[in-house]
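Have the viewer open as you read.

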Amino acid sequence: MMTDLAWNLIAIVAFGLAFAAIAADFRSSSTRMLALMFVMIGLGLVLEANFITGRPIEALPAWANWATLPSALAIIALAEWLRLIRRTTTQTTSDGRVEHLIRNAQISAIAYGIFGFVFPEWRAGYLLRIVDEPNVFLEPRFHALAIPFSMALVLLFVSIIKTLWMQPDPPERLRLLGITAAMPIITSAFVMPADIAPYCAITGEMILLVAIMQYHVQWGQRGQFMSRFLSPQVAVAVRERGLDSAMHEERIELTAVACDIRGFSAYAEKHDSSQVISLLNIYYQTVGEVAAEHGATIKDYAGDGVLLLLGAPLPDVHHAEHALTLATDIRDRCHPLWKDTDLGLGVGIATGEVSVGMVGTQPMEYAAVGRAVNLSSRLCDHAQDGEILLSERTKELIDIEESQIKLHSSQKMQFKGLAEPVDVWTITPDAETIRRLKLKRAKQGNWFTRIFR
């Protein structure tokens with residue numbers, strides 16, 4: 001087995017890898033997850049080197065059962081990092097199978113962690129002594145820990161290979177290649193003779209360091225491109241999903257929210273231009289703040305009107321419900337901006353399938369073309385001060401009972417540019433309903449990913 005000094009040095013390098021990754025790319029959720037994996041590896045090595053390895057079972061510290069958790073969490077974090085990487089792939093045919101492999105790897109890691117936590121003497125007395133005492137291989141207690149640990153690593157390795165085949169974003173592909181090359185080398189260090197093991201572990205970590213550096217070089221070059229050619233919301237999509245995936249034209253269902261100041265033209269006629277500009281700046285700032293809180297993308301500013309998207313370019317499964325809370329918050333927070341005036345705000349919300357993708361050159365803009373976008377604008381035009389007009393499809397997707405929300409019966413309305421009349425709902429949520437919707441939103445999503453997002 002490696003000496004304590006070698007273990008500690010390898011742990012220090014692992015901590016350094018975590019710091020290098022997080023310091024250069026903290027905004028990336030995948031990088032934060034990868035850094036967590038390195039921290040857990042380093043912590044596990046420190047505990048093993050200084051408190052567990054080489055001690056008689058009866059001399060193990062009282063907290064020895066906790067020493068299993070860093071290695072189990074490192075595997076879980078690696079699996080979660082891989083799930084994030086899969087967002088950047090341009091192929092989706094193997095998504096279900098890879099997801100199944102990743103989840104099974106996490107389950108195996110949890111099983112390993114539970115066994116090691118409950119039976120720390122098995123881990124210290126058998127699993128960690130396989131190099132010095134090969135005969136422990138015949139002990140069932142060795143396999144109780146070795147099988148789930150090995151299964152987790154094998155499943156992850158297969159998942160990484162399959163993800164590489166799915167053509168992830170090039171910078172992420174570099175890190176995947178680094179993990180693919182380093183994983184067998186680092187793992188082999190734990191079964192190598194003491195005079196060879198440190199070289200194996202350090203070699204694997206150096207491979208990872210090179211991959212991380214190349215990743216940051218590519219992202220630095222991409223950052224220059226993004227600042228020159230991409231609008232802010234598209235830059236976020238590129239960071240989350242990768243350049244090829246974000247640029248890919250697709251047809252998806254989303255919800256568009258259009259809002260417009262009522263009486264703005266008359267106000268502009270009666271007031272100095274500086275007052276008008278000041279009002280618009282405050283209005284845009286307020287809408288921008290609300291949009292950021294709800295994860296919406298501001299698509300266009302047009303005079304006193306704003307068009308927002310939920311569901312693209314950043315995915316949102318519950319885009320219709322979130323659009324309702326977004327629209328209500330915009331209305332309520334903009335109302336104080338023009339008290340003692342004749343101004344007001346109308347809002348239109350429409351949901352449907354639209355074609356989305358990036359267009360233009362300098363800068364590139366995110367385009368959303370379809371009936372839902374046009375309909376939200378038409379609904380906004382017809383909304384009175386304080387009204388929120390809703391399309392039929394949006395109403396269908398709001399997962400709340402009609403008794404919990406003030407929903408006026410629909411009416412048929414004919415809009416310019418639309419061949420057929422459409423059903424329109426007028427909706428006025430009360431404060432308690434909006435509170436429940438926000439609470440439901442806070443509870444949605446994967447808890448493990450949300451913490452590091």
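Which residues does Leu156 touch, not counting those up to four places away in sequence? The answer is Ile75, Leu78, Ala79, Leu82, Ala105 and Met183, where touching, or contact, means heavy atoms within 4.5 Å. Leu156 sits in helix α6; helices here are DSSP runs of H or I of at least four residues, strands are runs of E of at least two, and both are numbered from the N terminus. At 0% relative accessibility, Leu156 counts as buried. The cut-offs for that word are under 20% relative accessible area for buried, over 50% for exposed, and partly exposed in between, using a 1.4 Å probe and protein chains only. Val98 is 58 residues away from Leu156 along the chain, and their C-alpha atoms are separated by 9.4 Å.

A word on what you're looking at. This is a predicted model, numbered from 1 along each chain as its sequence is written. Local features need pLDDT of at least 70 and side-chain atom pairs count only at 80 or more, while totals for chains, interfaces and linings use all residues, and side-chain values use heavy atoms, with hydrogens and water left out.

**Confidence and overall make-up**

The chain's mean pLDDT (the predictor's confidence in each residue, from 0 to 100) is 81, and 81% of residues reach 70 or more. Residues 431-438 fall below 50, and that stretch has 14 contacts in the model beyond near neighbours in sequence. Residues 443-453 also stay under 50, with 26 contacts beyond four places in sequence.

In secondary structure, the chain comes to 17 helices and eight strands. Of its 453 residues, 50% count as buried. Take the contacts between residues at least 6 apart in sequence: 71% of them join residues at least 24 apart. The accessible surface is about 21,600 Å², and 60% of that belongs to carbon and sulfur atoms; areas come from the Shrake-Rupley method with a 1.4 Å probe, and for residues only the protein chains shown count as cover.

**The cores**

Back to Leu156. It is among the residues with the most contacts inside the largest nonpolar core, along with Met37, Phe38, Trp81 and Ile179. That core has 37 residues; a nonpolar core is a set of buried Ala, Val, Leu, Ile, Met, Phe, Trp, Tyr and Cys residues joined through side-chain atoms within 4.5 Å. Helices α1 (4-24), α2 (29-52), α3 (69-85), α4 (95-118), α6 (140-165), α7 (170-188) and α8 (197-229) each supply at least two of its residues. Helix α3 gives the most, with ten.

Ile179 has its own set of partners: setting aside residues up to four places away in sequence, it touches Leu34, Met37, Leu78, Trp81, Ile160, Pro184 and Leu208. There's also a second, separate core of 34 residues, which includes Val257, Cys259, Ala296 and Ile398.

**Salt bridges**

The whole structure has 16 salt bridges, each one a side-chain nitrogen of Lys or Arg within 4 Å of a carboxyl oxygen of Asp or Glu. Here are some of them:

| Pair | N to O distance |
|---|---|
| Glu172 and Arg175 | 3.0 Å |
| Asp300 and Lys299 | 3.3 Å |
| Arg393 and Glu396 | 3.3 Å |

Glu172 and Arg175 lie three residues apart in helix α7, about one turn of the helix, and both are buried. Arg393 and Glu396 are likewise separated by about one helical turn, because they are three residues apart in helix α15 (residues 392-397). Arg393 is partly exposed at 32% relative accessibility, and Glu396 is partly exposed at 49%. As for the Asp300 pair, Asp300 is partly exposed at 35%, whereas Lys299 is buried at 16%.

Glu80, Arg83, Arg86, Glu99 and Arg103 are linked in a network of salt bridges.

**One more buried residue**

His319 lies in helix α13 (residues 319-334). At 6% relative accessibility, His319 counts as buried. Leaving aside neighbours within four places in sequence, His319 is in contact with Glu253, Leu254, Thr255, Leu310, Gly311, Thr351 and Leu397.
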